[in-house]
Amino acid sequence: MNKMNQTINLGRRTALKVGGSAGLLALFGAVGLLQSGLAQAEWNKTAFSAKSMDEALNAMGVILPENSASIKLTVPEIAENGSVVPVTVESSLTNVEQISIFVDKNPNVLAANFSIPSGTEGMVTTRVKMGQTANVIALVKADGKFYRASREVKVTAGGCGG
Amino acid sequence: MNIKSILLLALVANGAAYAAEAEVSDSDRIAQYREMISDGNPADFDEMRGESLWKAVAGPKQATLEQCDLGKGAGVVKGAYAELPRFFKDTGRVQDLESRLLSCMSTLQGLNADEIAAKPFATEKKPSDISSLATYVVGQSKGIKMAVSVKHPKEKEAYEIGKRIFSYRAGPYDFACSTCHATSNVRIRMQDLPNLNVKKDAQAAYTTWPAYRVSQGLTRSFQWRLNDCFRQQRFPEPKFASEATVDLTMYLAVSANGAAFAGPGLKR
Amino acid sequence: MKAKWMIGTVLIASLAGFSAQAAESKLDAKTAEIVKRDFQDRGIARADRVVQDELQALCSKYHDKLPAKLKSKMEGEQAEAIKLPADDKYMGDWKAGEKLAQSGRGMTWSDKAEDPAGGNCYNCHQLSAKEIAFGTIGPSLLHYGKIRGNSLEVQRHTYGHIYNAKAFQACANMPRFGHKAILSEAQIKDLVALLLDPESPVNK
Amino acid sequence: MGNPMKIRAAVKDGVTEVKILMQHEMETGLRKDADGTLVPAWFITEVKAQYQGRSVMEAQFGQSVSKNPYLLFRFKGGAAGEKINVSWMDNKGDKRSDEAAITAA
């Protein structure tokens, strides 16, 4: 039933491509220019328009990391309605800087991205739409490193269907 | 949050191994889903909208609804819904909330009741004033025990007729309300169906309407609930706030007596 | 003395019974009147749909528990009205049947006259093991054909049951799909195939 | 200008929990309405929450966030009576900003 440890076939990229605003941000971040939480996290159009996980990660300049036990992803196993699927991402890691939520079978795979200023806990709850049964994937950046958790949500038909 | 849900949430939190081993039924998983979406109800926005409509001057008579008598005296909103439907002397009939709001909008504000009744429900494009007003009024009975009276002969009669409508089979599918709502522990697709002849189920169902429907992105009133049940029953359309709908509401409301009102709810 | 008292009691009881009965039928009549008045045409759902046929009226009156004699009389009448296909062939296309079984549409006021009705099967029954969103109002039909085989007799019975479930259980919850012209002959055959074809997911 | 948000913020043991419910259609741009016409994309793109002039959360949303978005997070600090400010902006440039006082949980 549970897909926590199941590897999803997303395809791997071998090289990290730095480009676009995400790449620039990563650069600034690296030299500590954007530590204050006032980071102007620009709405990453390429990432939010991405049609596949590969495309989205590419736009964000991230290589899909392995599943990590330090990320707790809470989603319902079955959602009666795909228009509201609650998602909670929590991490036991210190210095969480960013949390991203993806739905791998949605037309736009990246649902939301959260920049976590220092002093804010590494957790967030929100609600996403799901067009069909799919994997919800949480990507967490902490101390400059990326971690992942993913789980399947079954979207079913509820009510009389009339 | 009930114990079951807490356990379920704990299960989810603990992840793979535990969830796989435990015998969790699909119905439990649905219950878990409902628990997870129960916080942050967008019906609150409809309540806010209703409250401002209640206090806003409107209609040819340029009046607010603040003098509307919902059964507990002019202007008393708190707890009014927990005692509806009831018999009203001034109109000489038993009225549910929406029927009563219709009376108030017509007598106090001079609005055309027929026009309101012709398009009483919110659509994707247009909110419904009477529906938002209902959401506001029910919100003012949150936590108050349902205490609907059948002392007046007309109230008793409404209850009896409502009970009969509940098992009235007709239409191309031979359905009655009771076809789906008179058996315990059954579901339609994934949806658990309350047995409305059983007090506990009737209470849980009635006290959580009106409700925000996540599948529609709209807050739905009790009249809408009945209307859509009849649609799926393959019946013709019940007239808005008609005696048939009020009587059926009376039967269901009385069945819910004793339970604290918990709406507006949040549903699939 | 004692006998007199007893007669008195019986008299009062029967009087009370009589007046209670009168009140009951008065309420029944009023209910019918209100229902007739308070439902209106909308789309394809015409107001006269609330007019009950004899069986609907009886099932409403007896809360779906007909006295034994009446029950077998009504079941007999319904059975007689079943029209089996002229070609005596019952197995349609199970794939089309599965699609029909999934659809909960048909005959509501938001459906159009030209839209074909669905079978609504999954609303109440488990069929294919793959579909987890199934209702439980009706019995599970998983492995329906695997259990029964698909002899001509079974095919006829299955067709008849979908055509008019009330021939087998007078006040069954299940609609009379053929009797009330909800589904066409070809559609019912597709459903028969869904239930009986060894290749159907129902029998896997 | 957008419709008001519902913001609840409660402090307990030195940690403030913020729950935000926004009123927004969150149209994906892929949905057809009843007449079959495509409803154009219209969704919140950015949400910012501030406490005493400092950012406590910055979110970017895509089309997959549900209608009437909900957001919950926690930050260290906060005291009853102090204010939380939340603002959002959508892809049409519409904006909304609301404030709520922190309560003791």
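This is a predicted model: local features need pLDDT of at least 70, side-chain atom pairs count only at pLDDT 80 or more; totals for chains, interfaces and linings use all residues.
I started with helix H2 (residues 54–61) of chain C, where C:Leu55, C:Gln56, C:Leu58, C:Cys59 and C:Ser60 are buried. Buried here means under 20% relative accessible area, with exposed over 50% and partly exposed in between (1.4 Å probe, protein chains only). Helices (H or I, at least four residues) and strands (E, at least two) are DSSP runs, numbered from the N terminus.

Residues are numbered from 1 along each chain as its sequence is written, chains are lettered from A and ligands numbered from 1 in the order written, and side-chain values use heavy atoms, leaving out hydrogens and water.

Back to H2(C). I checked what its buried residues pack against, and found helix H3 (68–80) of chain C; contact means heavy atoms within 4.5 Å. At the N-terminal end, C:Asp53 is the cap, with a side-chain oxygen 3.2 Å from the backbone nitrogen of C:Leu55. Just after the helix, C:His63 takes a positive phi of about 50°.

**Chains B and C**

Next I looked up the interface: 38 residues of chain B are in contact with 52 residues of chain C. The buried area is about 4200 Å², and carbon and sulfur atoms give 54% of it. That area is the accessible area (1.4 Å probe) that two parts lose on being put together, summed over both.

I found nine salt bridges across this interface, taking a salt bridge as a side-chain nitrogen of Lys or Arg within 4 Å of a carboxyl oxygen of Asp or Glu. One I noted joins C:Glu24 and B:Arg164 (2.9 Å, N to O). On the chain B side, the largest share of the residues touching chain C, five, comes from H8(B).

I also found a strand pairing: E7(B) runs antiparallel to strand E1 (residues 39–40) of chain C over two bridges, and pairing takes at least two DSSP bridges. In E1(C), C:Gln40 is the bridge partner of B:Glu237.

**C:Asn203**

Last, I went to C:Asn203, in the segment after helix H8 (185–196) of chain C. Why does C:Asn203 count as buried? Because its relative accessibility is 7%. A polar atom of its side chain lies 3.1 Å from the backbone nitrogen of C:Lys146. Among the residues that C:Asn203 touches, I wrote down C:His143, C:Tyr144 and C:Leu194.

Methods: A polar contact is a pair of N or O atoms within 3.5 Å; within protein, one must be able to donate a hydrogen and the other to accept it, and residues adjacent in sequence count only if both atoms are side-chain atoms. Lists of a residue's contacts leave out its neighbours within four places in sequence.
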